[in-house]
Amino acid sequence: MTTDSATAGLSDLDTGPGQLADRLDTVELAAATPNDEQPFAELGLRAEEYERIKDILDRRPTTAELAMYSVMWSEHCSYKSSAVHLRRFADLPRSDALLVGMGENAGVVDVGDGYAVTFKVESHNHPSYIEPYQGAATGVGGIVRDILTMGARPIAVMDSLRFGRADAPDTARVLPGVVAGVGGYGNCLGLPNIGGELLFDDCYLGNPLVNVLCVGVMRHEDVRLAKAEGVGNKVVLFGARTGGDGIGGVSVLASETFDAEGPAKRPAVQVGDPFTEKLLIEACLEIFAADLVTGIQDLGGAGLSCATSELASGGSGGMHVDLDAVPLRDSTLTPAEILMSESQERMCAIVEPAKVEEFLLVCRKWDVLATVIGEVTDGDRLTVDWHGERIIDVPPRTVAHEGPRYERPMSRPADLDALRADDPAQLPAPGSPAELRAAWLAVISSPDGADKSWVTEQYDRYVRGNTVLAQPEDAGVVRIDEHSNRGIALSLDGNARFARLDPYTGAQLNLAEAYRNVAVSGARPLAVTNCLNFGSPEEPEVMWQFAEAVRGLADGCRELGLPVTGGNVSLYNQTGDVPINPTPVIGVLGVYDDVRRRVPTGWRADRESVLLLGETRPEFGGSAWAAVVHGHLGGRPPRLDLPAERALGELLATLADEGLVSSAHDLADGGLAQTLTESALRYGVGATLTLDGDAFAALLAESVARAVVTTTDGATVLAAAAAAGVPVTELGTTGGDALVLTGLFDLSLEELRGAWTATLPALFSSPGAAVGIVPAGTVPTS
Amino acid sequence: MRIGVITFPGSLDDVDAARAVRLAGGEPVTLWHADDDLRDVDAVVLPGGFSYGDYLRAGAIAARAPLMRSVVDRAHQGLPVLGICNGFQVLCEAGLLPGALTRNSHLHFRNRDQGLRVERADTTWTSSYTSGQQIVVPVKNGEGRYVAADPELDRLEGEGRVVVRYVGGNPNGSSRDIAGVTSADGRVVGLMPHPEHAVEDLTGPSVDGLGFFTSVLAAAVAA
């Protein structure tokens, strides 16, 4: 695929060369001019895909049809490279908790008491690289509409961000804008940001990852689906007007690799208006409550092409749309552009004729523009007219659900054996307490390990008044019922170093970490979502990584008894021919019958016992220590032990239910050193601790299935752990204003705080960096 | 006691303000920006958010909403009004409170748990506190930097119109660490921090914010 922009391809179609300059390309004309050349390649279609469209239609497609197929058959919309692998998730044993599974806008999970929760992650990687603020902002907007479309009120967001090396000049360009965009849009929508990730690695320098999760809640009976049913029912487009922004976003940005010498792609990034989206949310919820729609779909990637074809494909009949009725921001748009536009803050609903008036009334109340643009028909075709002429006449399933599927070639990366043989055991280990102390400080003050307040203070975590825990806690925790105190927990985790060393195990390690984060917070893990960020599927080695990660995640979910509720695949994450490290970001949802049982990570009181649950081995492959101190990635990731994760999770749930622990914090990147730092600094309480055996492994190894808990009742916790088969080590006692490692060294909280908090402000606080990127006067910032 | 909470298009913390009223023992009453009826409420809260997307200037469009005409009229007759964050911006734009809120000095949106000192414990909205009391409530804004001309600031200080002041760090560059001010009669109060987010142990950094809502209830009982 070339990197010429699709917009250029389209304008060629409409103005030259030759055939279509002066004539509207109608179905009739297409039938009469079968041999006219069409720029399918510029629109991202392969020759065989173009031939298949001609076979389906039994003629050449019209310009508008070609546009529609090209965006819907893009990698982003069709999952053509990934679908054959994603079947593994659907093959998992059925879970009673899953009310709506994969294939809809988002999966829906039963969380008890008649409540259902829907949650999903979506990537907006390439737009965020080109235009950091708007790319990230519209990423939030898109996933929020997905959740809304299911019938739920969106209640929180999380963001999982990855950038190039923290001190790289381009990171200083991209990061402040992305953070401001996530915050600017989410804050203005009134959605608390309850957590996420922020990590740095050279592999993301030309291709940052911006993954946003949204979670919504509804009653079971309120679940909505994207289908057009009932002949004569009206198709209503509502929300913002359609403009020229984001044309070809899915085919150009999300489905291609960046080329350093390619043309600017700025026009393909959408521009967001969170105020309009807030009104759209409130209007939709009022429309749902009054039972005014039979089907609904949001307009995201591929815009009107996607919404109309998916609604028609999901229903039992056909659909007719009069494109002239679509309210436009730019009257010069061609019909193909209108169909491909990714203008934000738009939704499409199927409404019974008798309810149209009431529907429009609700929209008027919220100042939301709503227009009837078509109706459900009794055929099996999707037809679209423009200026009274038929420009589209297609079987909708062939557009939306029966796109191409590829079994891409796969090969194990040639460098994998060498990478795994490069064992970190050969690296110089800290030889003295002073060196170990220095390694601790290096890890916790590295950009990955450092305090993230510089970012998270730009996000509203309080709005709606139900946030129980937010970053820097292990999981985001939200109350969903003020009377029963039912609540949910969510964590997002994606260690790409582990996945690079072993994508099968790495995906499971990420699942294990997200599961553990939910469990240490006291919640019962219930369901899984994912955002799979990989390089180009046309590279066999990348495709192998992808297939292995999917296989690993599916096997891990089977072992933990958790369903995969849906997910998102983002491919072509590479610049030139260098793919990113495979980055499967895994989200786990947990539930609390009583969210007052949540367990925070910070130490609050003196004289509590500090206990380490789980077993530590000298495992440094892919560790933060190897990366930070030696710039090393090699060896094997830590040994996966899902039975141990499960035992730990069940023990922590019991301890939380019985109120036996005052804090719990998992061990992951940076090992015990990172965990102790965060727990101590949260409320400024130190501890005196004794490490047995190899202090280096004890502090910096990244063995799985571990957590630190504090308790006033050590004996009972020890007994409970023994009964659960979870190994326990007594580390010491909280208190004082330092972390005292008996026989090794002391770290005053003051020194620790200085090291931990200084890093990100030093890198990103120059005000100029932010000013240059946030478009002045266009960003609501109260 | 009926306390109205106004919802403008883009209001976000209206549910939080209503919850705070309820937890304080009052009856929250929903008010809609496009109405002109204050529904016999005994006091009004203008909640936080981004009314009208903060387009033009934060609070500027909301200050001209139909319901605000009634609020301004009744405030001049003594109706207690509390503006929180965007609500404070609306009150300044509506001329009920002096000064203006501008872009934070560091140019970022900032959300943190913030120390405040209650400078005036004799307004309708702060009588539950003691003068000089220090409290912790969340602050979260991008345009929360309180500004006024120096002579105006001197006058406000002289008249005791500064209700709450930031302590332990100024989150947005506000002049003289001013976090909130009052009308001359002590019945209209605006502040940038969010007392409605500090009303429950489970969800807030403290329950220090509840005092704003219990104060107005006490004032009504006394009246």
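Which residues of α4(A) are buried? The legends below begin with that helix.

**Figure 1. Helix α4 of chain A and its burial.** The model is predicted; local features require pLDDT of at least 70, side-chain atom pairs count only at pLDDT 80 or more, and totals for chains, interfaces and linings use all residues. Residues are numbered from 1 along each chain as its sequence is written, while chains are lettered from A and ligands numbered from 1 in the order in which they are written. In α4(A), the buried residues are A:Thr63, A:Ala64, A:Glu65, A:Leu66, A:Ala67, A:Met68, A:Tyr69, A:Ser70, A:Val71 and A:Met72. Because ten of the ten residues of this helix (residues 63–72) are buried, α4(A) is largely enclosed by the rest of the structure. A residue is buried if 20 or more other C-beta atoms lie within 10 Å of its own, exposed if 12 or fewer, and partly exposed in between, with C-beta atoms placed from the backbone.

**Figure 2. Chain A as a whole.** Chain A contains 28 helices and 28 strands; these are DSSP runs numbered from the N terminus (helices H or I, at least four residues; strands E, at least two). Its C-alpha trace spans about 90 × 55 × 50 Å along the principal axes. Of the 782 residues in chain A, 63% are buried.

**Figure 3. The crossing of helices α23 and α26 of chain A.** The axes of α23(A) (residues 642–657) and α26(A) (residues 714–724) come within 10 Å and cross at roughly 145 degrees. Axes are lines fitted to C-alpha atoms, for helices over the stretch in contact, and angles run from 0 to 180 degrees between N-to-C directions. The contact is formed by A:Ala647, A:Glu650, A:Leu651, A:Thr654 and A:Leu655 of α23(A) together with A:Val717, A:Ala720, A:Ala721 and A:Ala724 of α26(A); two residues are in contact if their C-beta atoms, placed from the backbone, lie within 7 Å.

**Figure 4. Strand β7 of chain A and its partners.** Five of the six residues of β7(A) (residues 234–239) are buried, and the strand is mostly covered. Six bridges join β7(A) to β10(A) (residues 346–351) in an antiparallel arrangement, where pairing requires at least two DSSP bridges between two strands. Here A:Val235 stands opposite A:Ile350. Strand β11(A) (residues 370–377) is also antiparallel to β7(A), with five bridges, and A:Lys234 stands opposite A:Glu375.

**Figure 5. Contacts of chain B with chain A.** In this view, 34 residues of chain B are in contact with 29 residues of chain A. On the side of chain B that touches chain A, two or more residues come from each of α1 (14–24), α3 (86–93), β6 (110–118) and β7 (134–141) of chain B.

Figure 6. B:Asp54 counts as buried because it has 24 C-beta neighbours inside 10 Å.
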